[in-house]
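Welcome! Please take a moment with the sequence and the 3D view below, and then we will walk through some charged pairs together.

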Amino acid sequence: MHNEAATAGFCRDCFSPVAGEERRCRSCGSPRLLRHPELHQLSIAHIDCDAFYAAVEKRDRPELADKPVIVGGGTRGVVSTACYIARIRGVKSAMPMFKALKLCPEAVVIKPDMAKYAAAGKLVRELMFEVTPLVEPLSIDEAFLDLSGTARLHGMSPALTLARLIARITEKVGITASVGLSHNKFLAKLASDLEKPRGFSVLGRAETLSFLAAKPVGFIWGVGKAMQEDLAKAGITMIGQLQQMEKVELMRRFGSMGARLYHLSRGEDQRIVSTDDHSKSISAETTFNSDIRERADLERILWPLAEKVSRRAKAEGVAGHTVVLKLKTADFKLRTRNVSLADPTLLASRIYDAALPLLAREATGTAFRLIGVGISGLVESRPESETETLDITTAARAKAELAVDRIRDKFGRSAVGRGIGFGEEE
């Protein structure tokens, strides 16, 4: 095992230990040196592949290596992913394609190939499991890892194991990834975004409060544009201001979100890296007093069920890649139909809209005694992040739904509803 207690850091290219203030590795000459006082004591990591879809396309088409690449288009007409060359020109995910091409007219636009991306993501996941069994996937190209206790197994600290893992991902999958290393999940995820692409950022315990204090409140997971506006009305724009406030005061002003603000502003996150899918799916269903044949009647009942699923998903901070429709006929035969989404959702409107075509194909006169809807393939998410990846029309509907959620949180569930759901029991 390396004498890491006396080592200031290591080279991210050849993994040789480095000490002192040298700017390049003495062994290979690389400038990619990693140093941090707590480097070898931290074990919670977040790994995020860099511009994943675009990186996979460039891997398969080497002639695109130095060209701006945008993955997206199709019926949605928006950017799914842009490579970093295109990002320098101002292209961003969820941007309308026409706007992206005005900023970067020479970009190569490629239609998404989800099967290819899923295969690459699976290989990345397998490499992660080679270094620790504690891997918690968040999406096709990112995951939390807990490397506690792996130093004896691998003969090196978690930090060095992670650096070697990233090198293996590049070697085996042909793409790059960035790492955030810290003492909990919240900070590890923050760190992974600090130096993209090919980043490796460390946030230690000693610097947690000072690092967060200088950041805007939007750095806190779950604080989207609407919450930032609410905080700004109270004169709160920086995390340092939240650190000066008492938990009781924050909860009085912002309800249960106040407790989250209190703890995360101080870098406190008790969540463990979990391999359980806690709920592998979220669903809601209802059995009718008498059988129903009419599609319009089934659609009216479907909406409040979609809302119920959405509420649970929002409360648990997860979204689903797959929408599932469940029907039981009058003679007790079960029909289950599902559809996979390009992006995971926790919004009632998207769950409902995805389930409608499934229902239309089944509701052709058959008598049903039960209907249910749900989401599966769960990943960690928040409502505000979803509105940032949708086309303009769908994003507007999503923002309206979130506005309704805020009104209901304040005045009760009966304060406002969607017309199609009126009169239905939840």
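Is Lys122 buried or exposed? With 52% relative accessibility, Lys122 counts as exposed. Here, buried means under 20% relative accessible area, exposed means over 50%, and partly exposed is in between (1.4 Å probe, protein chains only).

## About the model

This is a predicted model, in which local features need pLDDT of at least 70 and side-chain atom pairs count only at pLDDT 80 or more, while totals for chains, interfaces and linings use all residues. Residues are numbered from 1 along each chain as its sequence is written, and side-chain values use heavy atoms, with hydrogens and water left out.

## The overall picture

The protein chain has 16 helices and 15 strands. These are DSSP runs numbered from the N terminus: helices are H or I with at least four residues, and strands are E with at least two. Of the 426 residues in the protein chain, 49% are buried.

Contacts, meaning heavy atoms within 4.5 Å, also tell us something about the fold. Among those in the protein chain with a separation of 6 or more, 64% are between residues 24 or more positions apart.

## Salt bridges within helices

Side chains of opposite charge can pair when their charged atoms come close. The structure holds 19 salt bridges, each being a side-chain nitrogen of Lys or Arg within 4 Å of a carboxyl oxygen of Asp or Glu.

Lys122 takes part in one of them, with Glu126 as its partner (2.7 Å, N to O). The two are four residues apart in helix α4 (residues 114–131), so about one helical turn separates them. Glu126 is partly exposed, at 37% relative accessibility.

## A link across the sequence

Which residue does Asp50 meet in a salt bridge? The partner is Lys196, at 2.7 Å, N to O. Asp50 sits in the loop between β4 (44–49) and α1 (52–60), and Lys196 in the loop between α7 (185–192) and β11 (200–202), so this pair ties together parts that are 146 residues apart in sequence.

Asp50 is buried, with a relative accessible area of 3%, whereas Lys196 is partly exposed at 24%.
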